[in-house]
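Welcome! Please take a look at the sequence and the structure shown here, and then let us walk through some of the features together.

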There are 2 protein chains.
Amino acid sequence: MDLKQARGSRRTASKKRNKHPANGVTGAQSIHRAAGLLRAITFRGRDGARLVDVARQCGLERPTVHRILKCLVAEGMVTQDPGTRRYFLGHLVFELGLAAAPQFNMQQLFEPALLRLAERTGDTVYLSMRSGLDCVCMDRKEGAFPIKTLTLDVGTRRPLGVGAGGIALLMTLADEEVREIVAANAWRIAGYGSLRAPVVLDLIKRSQALGFALNDRQLTPGAISVGLPVMNPYGAPYAAIGIGAIASRMSAERLQQLAALLKSEVRALERVVVAGKARA
Amino acid sequence: MDLKQARGSRRTASKKRNKHPANGVTGAQSIHRAAGLLRAITFRGRDGARLVDVARQCGLERPTVHRILKCLVAEGMVTQDPGTRRYFLGHLVFELGLAAAPQFNMQQLFEPALLRLAERTGDTVYLSMRSGLDCVCMDRKEGAFPIKTLTLDVGTRRPLGVGAGGIALLMTLADEEVREIVAANAWRIAGYGSLRAPVVLDLIKRSQALGFALNDRQLTPGAISVGLPVMNPYGAPYAAIGIGAIASRMSAERLQQLAALLKSEVRALERVVVAGKARA
DNA sequence: ATATATAGTTCCATATTATGGATCTAAAAC
DNA sequence: GTTTTAGATCCATAATATGGAACTATATAT
């Protein structure tokens, strides 16, 4: 009997472990993973996420994800619907968010502009911000038009490049940087219907030519959206404002009108935002 | 050669595994700890927390806390002020909070009552909720009186039993349960000036006799606060509304007036809250 | 209704991770 | 200046977290 043998399951499987070198910090792998799970849960928006979705999204095995989620549920950071078994963020996350709000809540700054746009256009107005390689929906205001395109919930994360906001946040960056970001997000972008990384690059190119982000790929069939980035005083885009409506309301002329409206609001915002207020 | 031997270091040492029983979930100790750190950061409110504070609060060694915090910073869940080295919650926590908000945000429900109270009294009105053994400040509205007692920031956590809200959340529970909770929080309660667990028990007893929570221990010298719990349809307290002001505004008669005002608002709220809406 | 596929969960040997004592550096306090 | 306290780093190894295998529950196809 050789003691080295021992059903060598673990050994053989370590083919490419550590493929992600954590996040640069050693001795905290599982925390890195837990943070990834929390983010992954918000990809699905209000519907919640299933175990497999999260596992696939994070590139982890199901038992691992299950164990970490169980712990997060015990902590109150995650809730699980007993019926559907789907996972949602929990009360602790909301409570902690309140404590973080004073530093990161841009609502006060953007709300008047969003409300004006919603009122003047009748459509749905979105505020998005960049967070790493993601684009997070930070606020949403509905206009009066009775057919409302509520395609994106507040708090939902999507890969940069997806949606008008995600395009807007990239369209002013250098080509090189855009390519890197889109490449890094490519596999996630492929999760949005027929959208693919090269398509995103094309959309960005066209948006640059137009002067505003245009998303007519209809991630949600029948919906089209326009967007513009908001720059900080150093010229870096840190937020985006978008307007979404059903395709029939988005004629070529109206797109131009909306873009003009957006542009004037964005200009006003950029004048207000002084260096100290803008997020890196 | 016996294969069991093999440098027997690990085997022999497994004498007292699980010396910390985590949180009931095995295989996720460091996530449990990370969640504890995040909570600990919110104990200090807007000032942020120092490494030692967090370590003491969580009962962990400084290197452990340092490593976990470094990871949380890399994830964007925590920020560190480069000057003071104090830790704050990061942008990711706020973003995740937005995604959790639809399920846990009670603002809409309570805001009108808070605003009415702030207007009619001129003082500062607080909304608190229970979270495990903590009491979390969920909202705050300022009245018109020019000397404002802003003793508690939104998002700040305190041990149940501390402050008018923390007393209110306990005053309707069975004595046995109160004793257990206060005992569990005793060491943390001792971190609030001269406050001690027995004092808290006395405050609760007096509040029960008065019919409203009264905190005149002046955690913040010069400030006194009153509070009442809000019960869910099953008779369990799940929130508390409090009013704080400087001591000179808190005569015996005025306390009674404030309690009466609180009571009528709380009654109205309890009528509105149907089973489905109330938090467990 | 039955078969098949997919998702969720539990178990556990052990490889990998996370721990914390010791140590060093930096910043307050005296 | 000296002392004290806080923050950060190192690393041997104790203890945790991992994931393959196996099983159950649920959804989908036949």
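Strand S3(A) is largely enclosed by the rest of the structure, because seven of its eight residues are buried. Buried means under 20% relative accessible area, while exposed means over 50% and partly exposed lies in between, using a 1.4 Å probe and protein chains only. Strands (E, at least two residues) and helices (H or I, at least four residues) are DSSP runs, numbered from the N terminus. Strand S4 of chain A, residues 134-141, is mostly covered as well, with eight of its eight residues buried.

A word on the source: this is a predicted model, in which local features need pLDDT of at least 70 and side-chain atom pairs count only at pLDDT 80 or more, while totals for chains, interfaces and linings use all residues. Residues are numbered from 1 along each chain as its sequence is written, chains are lettered from A and ligands numbered from 1 in the order in which they are written, and side-chain values use heavy atoms, with hydrogens and water left out.

## How the strands of chain A pair

Two strands pair if DSSP finds at least two bridges between them. S3 (residues 124-131) and S4(A) are antiparallel and share seven bridges. Across this pair, Tyr126(A) faces Arg140(A), and Arg130(A) faces Cys135(A). The two strands form a hairpin with two residues between them, where Gly132(A) has a positive phi near 65 degrees.

Which strand does S3(A) pair with over six bridges? That partner is S8 of chain A (residues 237-246), again in the antiparallel sense, and here Leu127(A) is bridged to Ile241(A). S4(A), in turn, is joined by three bridges to the antiparallel strand S5 (residues 157-159), with Asp134(A) partnered by Pro159(A).

## The sheet of chain B

In chain B, six strands make an open, antiparallel sheet in the order S5-S4-S3-S8-S7-S6. S5 (157-159) and S6 (213-215) of chain B are at the edges with a single partner strand each, so one side of each has no neighbour in the sheet. On average, neighbouring strands are turned by 30 degrees against each other, direction ignored. Axes are lines fitted to C-alpha atoms, for helices over the stretch in contact, and angles between N-to-C directions run from 0 to 180 degrees.

S4(B) and S5(B) are held in antiparallel pairing by three bridges, and Cys135(B) has Arg158(B) as its bridge partner. Helix H6 (residues 107-121) of chain B lies across S3, S4, S7 and S8 of that chain, at about 25 degrees to S8(B). Helix H7 (residues 163-171) of chain B lies across S3, S4, S5, S6, S7 and S8, at about 150 degrees to S6(B).

How are H2(B) and H4(B) arranged? Helices H2 (residues 29-41) and H4 (residues 62-75) of chain B pack at about 85 degrees, with axes 10 Å apart. They are therefore roughly perpendicular to each other. Their contact (heavy atoms within 4.5 Å) includes Leu37(B) and Leu38(B) from H2(B), and Ile68(B) and Leu69(B) from H4(B).

## Two copies

Chain B is superposed on chain A by a rotation of 180 degrees with 0.0 Å of shift along its axis, giving an RMSD of 0.1 Å. That is the relation of a two-fold axis. Both copies use the same surface, as 100% of the contact residues of chain B recur in chain A. The superposition is by least squares on the C-alpha atoms of residues with pLDDT of at least 70 in both copies.

Key
Angles under 35 degrees count as roughly parallel, over 145 as roughly antiparallel, 65 to 115 as roughly perpendicular and the rest as oblique.
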